[in-house]
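The following note sets out a few points for a reader who is new to looking at protein models. Please keep the structure in view while working through them.

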Number of protein chains: 2
Amino acid sequence: MTVTAVEGFVASGLSCGIKSNGRPDLALVATTDGSPVTAAGVFTSNRMTAAPVQVCRDHLLATGGRATGVVLNSGNANAATGAAGLADAERMCEITAEALGCSPDEVLVCSTGWIGYPLPMDAITAGIGRVADFLNPAGGQAAAEAIMTTDTVPKNTQVDGDGFTVGGMAKGAAMLEPNMATMLAVLTTDAAVDPTTATGLLQGAVATSFNCLTVDGAESTNDTVLLLASGRAGPTDPSVLGRALSESCRDLAVQMADDAEGSTKTVFLTVTGAATDTEAARAARHTANCQLVKCSWYGQDPYWGRIAAQMGAAGIAFDPDTITIDYGGQVVYADGRAPEVNAEALAAHMAGRRLDLTVDLGQGTGTAEVVTTDLTHAYIDENMRTS
Amino acid sequence: MTVTAVEGFVASGLSCGIKSNGRPDLALVATTDGSPVTAAGVFTSNRMTAAPVQVCRDHLLATGGRATGVVLNSGNANAATGAAGLADAERMCEITAEALGCSPDEVLVCSTGWIGYPLPMDAITAGIGRVADFLNPAGGQAAAEAIMTTDTVPKNTQVDGDGFTVGGMAKGAAMLEPNMATMLAVLTTDAAVDPTTATGLLQGAVATSFNCLTVDGAESTNDTVLLLASGRAGPTDPSVLGRALSESCRDLAVQMADDAEGSTKTVFLTVTGAATDTEAARAARHTANCQLVKCSWYGQDPYWGRIAAQMGAAGIAFDPDTITIDYGGQVVYADGRAPEVNAEALAAHMAGRRLDLTVDLGQGTGTAEVVTTDLTHAYIDENMRTS
């Protein structure tokens, strides 16, 4: 169920002293034999791109999509750190490359944590030597634990394909918004795939998973999803591999929503009947990011008025009289009015950990789904002070 | 300091039984002599337009911008109520017109409160007769009180122009977002102005005041700003009248932010140095509506990392190394790093009721300001259940 569930990869994780509380904060994922394999990445579109994101892009370009390892730290995002931060990210790759016996270009780097503080490079330098020593075929879980920030549980996945396997790990509990989130994910597979195909498949998988997840509308500076493909299982039908990657990403995205800061509900919000898929996605996201709607979910209140108002404010075309709103199979609004509902069944659904909300706009065949969360007292507690 | 501070207008407000707690819920503003005067309106762009908004638009079109009175109720928004809601809004105008002795087209109507429930028309019909009986030249305060929903204080304004006066009242404490808010405002003036000019001036005033206010990113179905101009003070330079209207609207907008649901901070967020004013506005709004940033304000935390990340995610062009972030005159981020600050002065500013946050993007001359609020436990308490 981890990145090391896949033939050809080793990993490890430990504490090197970035986090003041002594929890694990440094992880390494690498190929078992130290040789480079196919690598692909999808990154944040935030203009304040963090240094490690820039370095990953540069390295994938320089190698034509090959990598031997990924070094990841939590506790410090190395973002908004200027030229010094860029040099630190490059230095992390150099030290890792020395330990792995590869070229620095063949190392990718991810950081997550506080924005705007210089990395403690002495601790990291010493830590990379140690984390490389601990690389082992059962180290995926330790790696997943070492990339956690406000996550309360590590997030791993495994999807068994047709003669190949996809493994993965991810972190992310807030600043979660499409394109993508304060999230890192590393996927591994033993399927054989060329870098160009791998990049396309990974983009597709991200589009239908992480990019459908929104917790608080805050897009981060460091979002990164990486794929390493060892090829040990031989060639695979790209569409089959693509489906397995999508399934892995979706599994990790839902785990992130379930573990989102302070959340008590994971909400699967589907918009159907929009004029286009794009309009459906716009309406879904506009509603999922509404503070008032999120408060209603927290209060287990199926009040559809706020849902309808958000749909109306989403900047898309529809007839207000054709909108239907459904919570868990109970229609709470249709034909311009609130019909009779099975109050007991509705209350039971609203009290659950997961809510299914479907809004049909009655215009066309456009559909979209977002996975989101409620807004709670605990979210505020967790975010009102950074120190 | 009210709508009746202006020569030529009377008003009144009382409880007619829409609100179950017995608080005032019906208001009337009318011309003193029962004759129609110049009228203009600016309305929500929400697709789920409430019935009273549709009726206002129709009536202003039918009369060419003339009105004798405005009837307003709180406690029920008459929104998402279909054809029956539209008939109810028209009926409110007819009953008011009978009481005022004018044509129904010369009456404008506003509703605010819960979405999606039919108006209690028996109570409203009886109430309109009574509220018309109470019309008086000192009734502005009673009218302002009768349009409150979750507002804790009535909101009034008065701006003395060059030989004329602008008076006004407004309500709004949540679902506040540009274009416009769950807000109603009625302005009066004794300046003489034709309907076309009045509409243009009102649009300009709204653009630089209510449309710069955002509390929770939720745009409502009922937002309406109306202007009645009696002409008793004679002709006025339109630009002078425009400035007075802007000042009135700004005063009411800041009062709304100060009284926003559960808020402990009113934040004046200015973006300068953007490529264009439009990009500045986009960046300002994207940041003002960020839950994480709002939580920081609540926690009196000047953490600039979240501000920078939101600027980066706003979809505008700038160089991350040229961004400067300033709280109350203390630069907390510049030249790619956090400089030394006067910690005592910064803490004192962050502890105040009002925060001044300026972000300079270092690109050009584009500027924008938004007025917004923090996100608090009390906001959640107020919004997690509708019943």
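Which strands of chain B does helix H1 lie across, and at about what angle does it run to E3(B)? The points below take up this question and others; the model they describe is a predicted one.

1. Helix H1 of chain B, residues 51-63, lies across E3, E4 and strand E11 (224-235) of that chain. Its direction is at about 140 degrees to E3(B). Helix H5 (residues 195-207) of chain B also packs on the sheet and touches E3, E4 and E11 of chain B. The direction of H5(B) makes about 35 degrees with that of E3(B).

2. The sheet in chain B is open and has 6 strands, in the order E4-E3-E11-E9-E8-E7, with mixed pairing. Strand E4 (66-67) and strand E7 (155-160) of chain B each have a single partner strand, so one side of each is left without a neighbour in the sheet. In general, the strands of a sheet pair through backbone hydrogen bonds, in either a parallel or an antiparallel manner.

3. Helix H2 (residues 82-100) and helix H3 (residues 121-133) of chain B have axes that come within 9 Å and cross at roughly 25 degrees. Angles under 35 degrees count as roughly parallel, and therefore H2(B) is roughly parallel to H3(B). The crossing is right-handed. Residues of H2(B) that meet H3(B) include Met92(B), Ile95(B) and Ala99(B), while those on the H3(B) side include Ile124(B), Ile128(B) and Ala132(B). By class, this contact has 8 nonpolar, 3 polar and 2 charged residues.

4. Between the chains, 48 residues of chain A are in contact with 48 residues of chain B. Helix H8 (291-298), helix H9 (304-313) and helix H11 (377-383) of chain A each supply at least two residues of the side that touches chain B. H9(A) gives the most, with 8 residues. By class, this side of chain A has 23 nonpolar, 18 polar and 7 charged residues.

Note on methods:
Residues numbered from 1 in each chain as written. Chains lettered and ligands numbered in written order. Predicted model: local features only at pLDDT ≥ 70, side-chain atom pairs only at ≥ 80, totals over all residues. Contact = placed C-beta atoms within 7 Å. Helix = DSSP H or I, 4+ residues; strand = E, 2+ residues; numbered from the N terminus. Nonpolar A, V, L, I, M, F, W, Y, C, P; charged D, E, K, R; others polar. Pairing = 2+ DSSP bridges. Axes fitted to C-alpha atoms, helices over the stretch in contact; angles between N-to-C directions. Parallel < 35°, antiparallel > 145°, perpendicular 65-115°, else oblique. Left-handed = near helix turned anticlockwise from the far one by under 90°.
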